[in-house]
Amino acid sequence: MIQEIGEHIYRNEYVVCEPAGDDLVLHYRDRACLVRVVAHGEKGADAWAAGNEFELPRLADLGERPERLVYAFAIGETRFWLALDEQVSVPAGYSYEAVNWLRYAEPAELLFATVTGSQLDRWYRSNRFCARCGHPTELGPRSREVVCPECAGIVYPKICPGIICAVTSSEGGQERIVLTRYNGRTTALWALVAGFTEIGEPLEDTVRREVMEEVGLRVKNLRFYKSQPWSFSDTLLVGFWAEVDGDPTIRVDHEELKEARWFARDEIPLERTDDRVSLTGEMIEQFRLHGVPR
């Protein structure tokens, strides 16, 4: 998954320090990040392309230092900074590439940094003014927060909890799983039931509600699988396995879904076999290759 970056250690504690020339800089514009593409894969992004490689600029590469630099995090010994300026000097060979395209690129640690940095960047830019009194905000001096000097309001980074659920059945001795495809997506890959947690709602109730809303099924025997930060939508995803409870007839919410159906293990499309990024992809492949984990 996207947070699995091998031996590299992600350190997200806020550090009060001065930027150095070798530090990497993250700058975003129109949901794209400033990068240098060093290799292109043979396939398009919809096919989970392999072979795309990129680099991020170092502070020294920019020539002119950005005015609004804020410490983001470190991966291993490498520090990353967000440039919150509207414009920065673009070094030769660099361009802005869509973050959604970069999700298929390597190396893994820079991919994770770029996607995670985009979540922080959106949060900082969305909180330039106090939601309580409208006064311009300031960056917290010693921690990752935005403060209002007028009313003393404090805002911390936003994380939206959500669930992914693999709904399964073993009726007749054959294991099956529910896969769905969303309406209005540029890609129509098969996925699992998913949705955001509402206020006052435990994660388990989110699973039950979303499954009922999207495919009209009741579920039981919920089991936690894994969690995943999914910065594309400011989400912390929590994965569950669940069994259908009672009638297995699917009733599709066509406002949200293009289609949904049961798949036996040998019927699952192979479109996610190379998906090394998403929790959805991992869970579907887990079921296709090994069935429901015990």
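Good morning. I begin with the second largest pocket of this predicted model, which is lined by 16 residues. Those that lie nearest the centre of this pocket are Tyr10, Asn12, Thr116, Gln119 and Ile159. Its volume is about 390 Å³.

Which elements give two or more residues to the lining of the second largest pocket? They are helix 2, residues 108–126, and strand 17, residues 235–244. Helix 2 supplies the largest share, with five residues.

I turn now to a sheet. In general, the strands of a sheet pair through backbone hydrogen bonds, and the pairing is either parallel or antiparallel. The sheet I wish to show is open, has four strands in the order 1-6-7-2, and its pairing is mixed. Why is one side of strand 1 and of strand 2 left without a neighbour in the sheet? Strand 1, residues 10–11, and strand 2, residues 24–26, stand at the edges, and each has a single partner strand, so one side of each has no neighbour there.

Strand 6, residues 69–75, and strand 7, residues 78–83, run antiparallel and are joined by six bridges. One example is Leu69, whose bridge partner in strand 7 is Ala83.

Helix 2, already mentioned for its five residues in the pocket lining, also packs on this sheet. The helix touches strand 1, strand 2, strand 6 and strand 7. Its direction makes about 150° with that of strand 6.

Thank you for your attention.

Terms used: Residues numbered from 1 in each chain as written. Predicted model: local features only at pLDDT ≥ 70, side-chain atom pairs only at ≥ 80, totals over all residues. Heavy atoms only, no water. 1 Å grid on protein atoms, 1.4 Å probe; cavity = no way out; pocket = protein on both sides within 12 Å on 5 of 7 lines; lining within 4 Å. Points joined across faces, edges and corners; volume = space filled by probe spheres on them. Pairing = 2+ DSSP bridges. Contact = heavy atoms within 4.5 Å. Axes fitted to C-alpha atoms, helices over the stretch in contact; angles between N-to-C directions.
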